[in-house]
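Please walk me through this model in the viewer, one selection after another. Say what to pick at each stop and what is found there.

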There are 4 protein chains.
Amino acid sequence: MARERDEGKRQVILAEAKRLFAQRGFHDTSVQDIVKGIDLPVGSVYTYFNNKDAIIKAAIEEGWSDFHDSLEAACAAEPSAARRMSLILYRFLPLLFKDVDLVSLFLSEGLRFTSLDDKLERLARLIGAVVNDLAKERGLAVSLSPRQAVTALSVFFLGSMDTIRLSRMAGLPLSEKDVLSFIKLIIETAFSINLEPPEEN
Amino acid sequence: MARERDEGKRQVILAEAKRLFAQRGFHDTSVQDIVKGIDLPVGSVYTYFNNKDAIIKAAIEEGWSDFHDSLEAACAAEPSAARRMSLILYRFLPLLFKDVDLVSLFLSEGLRFTSLDDKLERLARLIGAVVNDLAKERGLAVSLSPRQAVTALSVFFLGSMDTIRLSRMAGLPLSEKDVLSFIKLIIETAFSINLEPPEEN
Amino acid sequence: MARERDEGKRQVILAEAKRLFAQRGFHDTSVQDIVKGIDLPVGSVYTYFNNKDAIIKAAIEEGWSDFHDSLEAACAAEPSAARRMSLILYRFLPLLFKDVDLVSLFLSEGLRFTSLDDKLERLARLIGAVVNDLAKERGLAVSLSPRQAVTALSVFFLGSMDTIRLSRMAGLPLSEKDVLSFIKLIIETAFSINLEPPEEN
Amino acid sequence: MARERDEGKRQVILAEAKRLFAQRGFHDTSVQDIVKGIDLPVGSVYTYFNNKDAIIKAAIEEGWSDFHDSLEAACAAEPSAARRMSLILYRFLPLLFKDVDLVSLFLSEGLRFTSLDDKLERLARLIGAVVNDLAKERGLAVSLSPRQAVTALSVFFLGSMDTIRLSRMAGLPLSEKDVLSFIKLIIETAFSINLEPPEEN
DNA sequence: GATGAATGAGCATTCATTCAT
DNA sequence: AATGAATGAATGCTCATTCAT
């Protein structure tokens, strides 16, 4: 009977907050700043979020979930390890790297507001399985201990994201494309394979 | 930038600020917080620094300089590329990784207060030269374009630092040692070389 | 003042508000708090009350009226002054003292929202008459001036209520029973009388 | 070397706060309201008090302490119970009753911010001793149990204060003088004594 | 130079009340 | 009539920086 809670409004707040938090930092963005750009009263923010912390938490958590869940679904649906690797390389990493705001939040404020180890561990398990299966498919012995594998994934993944972030925010003269082709090179070399883009559907 | 009486006092302030900024974040550490722990009056901070920003700037800039300068000096003094690589691997990276507070500041607040691209570019040049020379020494053709080389260095370096940071601050179950032995493995594999610790002097 | 559909709903709101106002204070109880406990929408409060002030006003005014009106009726129906005094002592004061929430509101917020002097004056008149009649019945000269009588009633009445309130809310180690037997003692001494509980009907 | 903490400023804040809290109530007086009247910046309040609660706490606690301590000292210095009673009646109660703001805070907000039972108990002990000694001096058997004595004191004391408060804030047509002469009457009757004002020194 | 009280703009958050649905 | 999201003024409090002492 009364007005309904408007999910669209929540998304507008979340999007604007994410943009500003990534750009200026969490503490240098006031709640007033957030609503100024989207022409909503301050009070509205607190209809949809418990407090300012909850906004950034939601931005990181939901952004990451979206990415991770669709990656997981795509991997589950694809039996070939090589094609799964292609999916990661050609579809999902570009998706993530395009969302520099999310990457920035993840790296700069993520630690303070969400539990990153969960997210990285889940990702490591998923990618680790692809790597393992790919090695089996290619008849290669896996020469990395599990500990080394996690380290490798962490270094590559965080390093890639940080490189993307710095190339956007500082003046690092590298692009998302450079990082992607570097990762491609590493994988292709390691597995003596040639990864083609997956045919779109 | 004040260069007044008591350099010792300046260092005490800088050390405490670095510790707190890394631990709680820049914005969640007040100038009052900094002096509370070291029993100095607030005013004294402004004898040694122009403002709060200048403190974190100095912490990052000077910490990085110390590291970089001594690395540069050591490299300049060592003609053998292999031994230079050993120095980096056995002496300088451990030094840097031990200083988790500096690594944290560099990654989390560095972007906002200092120019990271300078620092990374300088480092890339230095390490790039070592890599190149090592390839030459080992009679290997360098298959990476300069662009790819910078990307590789950036990914490895930032990724390593971020992994160190997260293993300390989040619960990532990896240690500084894991990261170092992973980097060693990569280099030794890439150059078919066995890197021994440099004899101490 | 609304006198709408559902008188039951109004009473539920009033009861919950009274409880919370007495417990936490008027300002530390939001209108949201009131409806939370009784599972009603906020808006409904404004169907039955013009604003938040009107709720506490009603709680005090109606609570006091109920008490006073039935006291008045009982006194009117009882010709004997001694038995009227017994009624007050054994039936009405216990009734009032049991309703600590009302007593608390009366004393702490009453002043701000209702006119206490009216209530006290009306009560003084009523009890004053009982006292006077009792003195006449006992053949005692009344040695108090009317002014002193009002003072005495005010001191005794407010003091009793405050003692009850403090024994409930602070840790005063006294009970409602102590206050009642103290008042009994005073009256019995003053009038050389023995007040028996009125036979119930 | 720097400016000293100014006790005078603290007292100015405290006095203005006490006045406003008593007049309008704690919640209807903002910290801004307090400083407006005394032309100080908001920040200053927080130099002298941790938060708003601490102001009212100090007003009640310190006001009460002042009253109680000087009463205690005067009683300790006076061996005659009758003269101690005179002191209470002619010097200290008038002092307390004159400070209606303190009385108001004590009764209306005291409960929420300080521990009233402590204060009342200490006072009951002190006055109880005077009453006991006076009874002994007059050769009277004390017919009240200790429990009744505390009740009596609590009722009289709180009742007197509340009567004072209501006569000021609501329109109760009684004055401080009425309450004092009523108390005098009670004591003089109870102890068959004539209490003269103590000669001033 | 040393000190730490002073300052006041700015912040996150609340909440009585309204009113579109 | 019923609902509960919407609203924005107002609140208590912080804190980088200044400057009287």
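The model is a predicted one, in which local features need pLDDT of at least 70, side-chain atom pairs count only at pLDDT 80 or more, and totals for chains, interfaces and linings use all residues. Residues are numbered from 1 along each chain as its sequence is written, chains are lettered from A and ligands numbered from 1 in the order in which they are written, and side-chain values use heavy atoms, with hydrogens and water left out.

Arg10(C) and Glu7(C) form a salt bridge, their closest N and O atoms being 3.9 Å apart; the term stands for a side-chain nitrogen of Lys or Arg within 4 Å of a carboxyl oxygen of Asp or Glu. Both residues lie in helix H1 (residues 7-24) of chain C, and because they are three residues apart there, about one helical turn separates them. Helices here are DSSP runs (H or I, at least four residues), as are strands (E, at least two), numbered from the N terminus.

Now move to chain A and select Glu7(A), Arg10(A) and Glu62(A), which salt bridges with shared partners join into one network.

**Within chains A and B**

Over all chains, the salt bridges number 68. For one of them, select Arg84(A) and Asp133(A), whose side chains meet at 3.1 Å, N to O. Arg84(A) belongs to helix H5 (residues 81-98) of chain A and Asp133(A) to helix H8 (residues 116-137) of chain A, so this pair ties together parts 49 residues apart in sequence. Is Arg84(A) buried or exposed? Its relative accessibility is 11%, which counts as buried. Asp133(A), at 26% relative accessible area, is partly exposed.

In chain B, select Asp101(B) and Arg168(B), which form a salt bridge at 4.0 Å, N to O. This pair also links distant parts of its chain: Asp101(B) sits in helix H6 (residues 100-108) of chain B and Arg168(B) in helix H9 (residues 146-169) of chain B, 67 residues apart. Asp101(B) is buried at 18% relative accessible area, while Arg168(B) is partly exposed at 48%.

**Where chain D meets chain C**

Show chains C and D together. Their contact (heavy atoms within 4.5 Å) takes 38 residues from chain D and 38 residues from chain C. About 3,400 Å² is buried between them, 66% of it from carbon and sulfur atoms; buried area is the accessible area (1.4 Å probe) that two parts lose on being put together, summed over both.

How many salt bridges are there between chain D and chain C? There are two. Select Arg147(D) and Asp178(C) to see a salt bridge of 2.7 Å, N to O.

Next, colour chain D by helix: H1 (7-24), H7 (110-113), H8 (116-137), H9 (146-169) and H10 (176-191) are the elements that give two or more residues to the side touching chain C. H9(D) gives the most, with 16 residues.

**Last stop: pairs without contact**

Chain D does not touch chain A, their nearest C-alpha atoms being 21 Å apart. Chain D and chain B do not touch either, with nearest C-alpha atoms 10 Å apart.

Conventions. Buried means under 20% relative accessible area, exposed over 50%, partly exposed in between (1.4 Å probe, protein chains only).
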